[in-house]
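Here is a short tour of a structure for someone new to it. Look it over first, then read on.

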Amino acid sequence: MTPPRKQALALTLNGASHEALVEPRTSLLTFLREQCGLTGTKRGCEEGECGACVVLLDGRPVTACLIFALEAQGRHVTTIEGLGTAQHLAPLQQAFLESGAAQCGFCIPGMLLSAHALLEHGGHPDEAAIRRAISGNLCRCTGYDRIVKAIRLAAEMEHGHP
Amino acid sequence: MQNLTYHAPGTVAEAVALMRADPAHSRYLAGGTDLYLALEHRLPDVHTVIDLKQIPELDGIGVGPGTAWRIGALTRMADIEHHPDLRARFPALCAAAAVVGGPPVRNRATLGGNLCNASPAADTATPLLALAATVSVADGDSEHSLPLAELARGPRETTLAPGAIVTAIGLPAPAPRSGNAFARLTRSAMDIALVNAAAAVVLDEDGRAESVTVALGAVGPTVILVSELDAALAGKPLDDEALDEVRAQAEAAARPIDDVRASAGYRAEMAGVLAARAVRDAAAMALGETR
């Protein structure tokens with residue numbers, strides 16, 4: 001069998017221009033983890049159900065496991081590595097830390113990116129809006145309560161008290 | 001899914017030409033939330049993917065020609081779910097779009113993809129059928145329109161000619177004193193529908209039924225319409241007695257199968273229950289306009 005023909009991909013990845021040659025069948029998830037070394041994006045169910053692989057595509061949460069990397073051509077992709085660094089946590093990450101919102105942590109990158117997209121709109125989403133926004137991100141540890149509290153705390157940190 | 005070739009043409013004509021080059025081994029790609037897994041698990045012979053997302057005219061929501069609403073086939077579920085004009089006019093469709101997968105899936109999944117995937121449980125097909133939707137189809141040479149009822153032939157099978165592309169979905173502007181609603185039953189929030197139902201009603205000036213249209217999903221090889229409701233209900237108020245009639249007729253119209261999610265008998269009974277709920281909610285919306 002002949003090796004797959006690679007195709008050129010150019011995108012903006014965590015704010016920086018990025019070019020690569022990818023096998024067309026490569027998912028965005030595999031591209032990010034194995035070609036870019038961005039392993040913060042987790043491989044979970046690989047069926048679009050669990051949300052562990054959520055990244056932002058042009059600012060909107062999507063499951064990277066159901067997208068060909070080539071579909072990101074010319075688009076902006078944000079992974080958890082683009083949200084903050086260990087030295088400079090994003091307010092949302094700081095709020096998760098302070099609220100004890102992470103246990104095993106596997107769902108947290110996707111959870112943070114879904115929450116980030118929600119808070120990008122500004123204001124103070126109520127609990128129902130927060131729960132709706134993370135309803136595509138499954139967590140098997142926390143029971144969600146501390147995650148919801150953390151997202152409310154982050155909204156206060158970013159936009160002041162309601 | 002070996003040796004895939006990925007194309008992203010910028011026009012419908014280019015897309016059709018690519019498809020016609022090798023239709024047996026090619027698939028159009030919309031949001032990909034169904035196709036991606038299908039390519040991995042049950043379409044081993046497909047080696048060409050033609051992404052339609054770079055064709056600008058396939059996306060967007062607007063009015064026209066005339067008073068009909070036009071929703072581009074590549075419009076994403078999240079954009080339908082949150083669209084204020086659609087929510088005011090076609091809440092049945094917005095409610096259905098709002099339960100397709102979770103939010104990350106709804107940011108990818110498209111209306112045209114949901115219809116062309118031709119699942120009998122496609123959530124948006126049920127309200128669109130009740131709302132008398134049409135689909136615009138382009139084959140590269142010409143464009144024509146057909147009733148949505150003529151699009152699906154059976155599970156995962158459409159009547160589209162090889163190469164044809166659904167470009168848009170058309171919805172007639174709602175009549176005065178009309179309402180529509182959607183109802184759905186699942187085992188869990190992320191699962192596909194066990195049964196879904198949608199109703200579109202038009203009332204006369206006295207608040208009595210002028211027309212009652214009910215569509216049911218996941219109870220037959222395609223989404224189906226419950227026939228003869230108009231004859232039974234025209235001129236009557238949509239009260240409890242009328243809702244009993246809806247329930248009986250919907251249950252009788254259902255032709256479900258037994259599967260891992262539910263028995264045929266349970267599905268048929270729930271089809272009746274959901275149909276009655278949808279008609280009740282649609283009537284409330286229609287009455288709201290007359291008050």
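## Two helices of chain A

Start with α2 and α3 of chain A. Helix α2(A) covers residues 91-99 and helix α3(A) covers residues 108-120. They pack at an angle of about 125 degrees, and their axes lie 10 Å apart. This is a predicted model. The two helices are therefore oblique to each other. The crossing of α2(A) past α3(A) is right-handed.

Which residues of α2(A) meet α3(A)? They are L92(A), Q93(A) and F96(A). On the α3(A) side, the partners are I108(A), L112(A), A115(A), H116(A) and L119(A). By class, this contact has six nonpolar and two polar residues. It has no charged residues.

## The domains of chain A

Chain A has a domain 1, residues 7-82, and a domain 2, residues 91-159. Their centres, taken over C-alpha atoms, are 21 Å apart. How many residues does each domain bring to the contact between them? Domain 1 of chain A brings 15, and domain 2 of chain A brings twelve.

Look at the domain 1 side. Strands β3 (54-57) and β4 (60-63) of chain A each supply at least two of its residues. The largest share is three residues, and β3(A) provides it. By class, the domain 1 side holds eight nonpolar, five polar and two charged residues.

## Chain B as a whole

Now turn to chain B. Its secondary structure comes to eleven helices and 14 strands. Its C-alpha atoms fill a box of roughly 60 × 45 × 30 Å along the principal axes. Does the radius of gyration of chain B agree or disagree with that of a compact globule? For 291 residues, such a globule would have a radius near 19 Å. Chain B has 19 Å, so the two agree.

Chain B is divided into domain 1 (5-51), domain 2 (59-171) and domain 3 (178-286). The centres of domain 1 and domain 3 of chain B are separated by 35 Å, taken over C-alpha atoms.

## Where the chains meet

The contact between the chains takes 23 residues from chain A and 20 residues from chain B. Which elements of chain B each supply at least two residues of its side? They are β1 (5-7), α2 (35-41) and α6 (103-106) of chain B. The largest share, three residues, belongs to α6(B).

What classes make up the side of chain B that touches chain A? Ten of its residues are nonpolar, eight are polar and two are charged.

Methods. Residues numbered from 1 in each chain as written. Chains lettered and ligands numbered in written order. Predicted model: local features only at pLDDT ≥ 70, side-chain atom pairs only at ≥ 80, totals over all residues. Contact = placed C-beta atoms within 7 Å. Helix = DSSP H or I, 4+ residues; strand = E, 2+ residues; numbered from the N terminus. Nonpolar A, V, L, I, M, F, W, Y, C, P; charged D, E, K, R; others polar. Domains from an automatic or database assignment. Axes fitted to C-alpha atoms, helices over the stretch in contact; angles between N-to-C directions. Parallel < 35°, antiparallel > 145°, perpendicular 65-115°, else oblique. Left-handed = near helix turned anticlockwise from the far one by under 90°. Rg over C-alpha atoms; globule rule 2.2 N^0.38 Å.
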